Amino acid sequence: PAVVLVSTAGRILFNGDLSIGGDGIISGLVVEENVIFANGQNGLNMDGVQDSVIRNNVIYGNASNGIRAYAIDAAEGPANLAVINNTIHVPAGAGWCVRITEDLGSNVVFNNILMNDDGDNGSIALDGTSGFASSHNAVVDSFTPDRDATYLSLAEWQALGYDEGSFLAAPADLFTDAAAGNYMILPGCPAVDAGLASFGGFSAPPTDIEGTARTGPIDIGAYEL
């Protein structure tokens, strides 16, 4: 995997800047097998990204959101994103694990570990757009469907039709040694064999971040035990 370490800005940045020409959209990306940590902004920063897959990444210890999809310079906001089998751990005082705004819909989030140490934020933040689907994630007990106007527990979030098969967890329940940056999952933890082979028209990756085959019931997160 590519290892990224900086301290001033979001290291992996996609900017569909309409002002420089073209259609102002970035599409067709596969962002995979990266370890993104200790950045001074979002871990994965996506302005105007559509029709793309983000899978098998470990994102932790960044100063803002883990994955941030939005539109500022781009012609349009995110659409048709698939966020699959990532491990995201947001520290206290930072943002959300996955935050999507200016959303055009049809984004899918499944088989991810979405841990957050910040009491004011949580696992998934949306912008009120319909067409979002999520399932079988390890999460904390905080979500917003409407850009922070409302904060919901997992049970309330599931009542909206999201995250069937998802469960509450804490980093200590799942990770070998998060303090040391070791996000391999523990034997017997709730993430083992808890993932889906496919969801929302997308398939889980055939291997994990280290190339280990995902066979049988697959594990949640970037690492297969």
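Select Tyr 183 to begin: this residue is buried, with a relative accessible area of 4%, where buried means under 20% relative accessible area, exposed over 50% and partly exposed in between, using a 1.4 Å probe and protein chains only. The model is predicted, so local features need pLDDT of at least 70 and side-chain atom pairs count only at pLDDT 80 or more, while totals for chains, interfaces and linings use all residues. Residues are numbered from 1 along each chain as its sequence is written, and side-chain values use heavy atoms, with hydrogens and water left out.

Phe 175 and Tyr 183 form an edge-to-face aromatic pair, 4.7 Å centre to centre with 75 degrees between the planes; rings of Phe, Tyr and Trp (its six-membered ring) pair if their centres lie within 6.5 Å, and planes under 30 degrees apart count as stacked, over 60 as edge-to-face and the rest as tilted.

Now move to Phe 14, one of the residues that touch the most other members of the largest nonpolar core, which has 32 residues. Such a core is a set of buried Ala, Val, Leu, Ile, Met, Phe, Trp, Tyr and Cys residues joined through side-chain atoms within 4.5 Å. A second, separate core of 21 residues includes Ile 113, Ala 138, Ala 194 and Ala 222.

Finally, select Arg 68 together with Thr 101, whose side chains are joined by a polar contact of 2.8 Å; a polar contact is a pair of N or O atoms within 3.5 Å, where within protein one must be able to donate a hydrogen and the other to accept it, and residues adjacent in sequence count only if both atoms are side-chain atoms.
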